[in-house]
Amino acid sequence: MFVDVKIHGKPIRAMIDTGATHIYLASAEVEGFGLVLEKEVGQVKAINSAAQPIAGVAKSVLIKVGPFEGKTNLSVVVTDDFKLILGLEFLQDTRTAVLPHVDSLMMLGVKPCIIPILARRTGEKNLSAMQFKKGCKWNEPSYLCTSRFEKLNRCRSPSLA
């Protein structure tokens with residue numbers, strides 16, 4: 001699930017991740033937003049990668065999500081896929097609930113509102129490394145099968161007037 005965000009008035013697409021603890025910004029984006037980093041001690045560990053050090057923290061950054069506007073801290077890390085990740089820290093601070101069944105965020109903070117999210121609807125389902133690992137048995141071969149279904153173009157009969 002994704003949502004369009006503005007940091008210091010500049011647009012960026014963020015991934016909503018209830019498995020992430022903080023708000024993470026890709027280190028490659030720091031200069032483009034004119035952010036100043038403060039030193040931070042610590043590491044970030046993602047499920048499918050080795051732990052890596054936090055590059056720093058950008059404090060009191062103006063962020064706008066839908067009608068919500070406020071200041072937050074961004075932990076800056078090296079990422080290989082998403083530029084901005086809004087994790088539990090953001091969801092708790094803004095009193096936001098994720099409503100995936102209606103493709104929305106419900107913010108209950110100062111200005112209660114519903115924000116539509118941009119869900120990937122490609123029809124393809126991805127199997128995570130963790131799901132694959134749980135399905136594997138030790139000392140037995142494991143296979144991964146993928147399939148792709150394409151919709152057929154159906155002719156519509158002309159309507160009778």
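Visitor: Is K59 buried, partly exposed or exposed, and what is its relative accessible area?
Guide: This is a predicted model, where local features need pLDDT of at least 70, side-chain atom pairs count only at pLDDT 80 or more, and totals for chains, interfaces and linings use all residues. Residues are numbered from 1 along each chain as its sequence is written, and side-chain values use heavy atoms, with hydrogens and water left out. Buried means under 20% relative accessible area, exposed over 50%, and partly exposed in between (1.4 Å probe, protein chains only). K59 is partly exposed, at 44%.

Visitor: Which side chain meets K59 in a salt bridge?
Guide: A salt bridge puts a side-chain nitrogen of Lys or Arg within 4 Å of a carboxyl oxygen of Asp or Glu. Here the N to O distance is 3.5 Å. The partner is E38.

Visitor: Where does E38 lie?
Guide: K59 sits in strand β6, 21 residues from E38. Strands (E, at least two residues) are DSSP runs, numbered from the N terminus. E38 is in the loop between β3 (23–26) and β4 (43–44).

Visitor: What is the N to O distance between D4 and R13?
Guide: Their side chains also form a salt bridge. D4 is partly exposed at 44%, and R13 is partly exposed at 45%. The distance is 2.9 Å.

Technical notes. Helix = DSSP H or I, 4+ residues; strand = E, 2+ residues; numbered from the N terminus.
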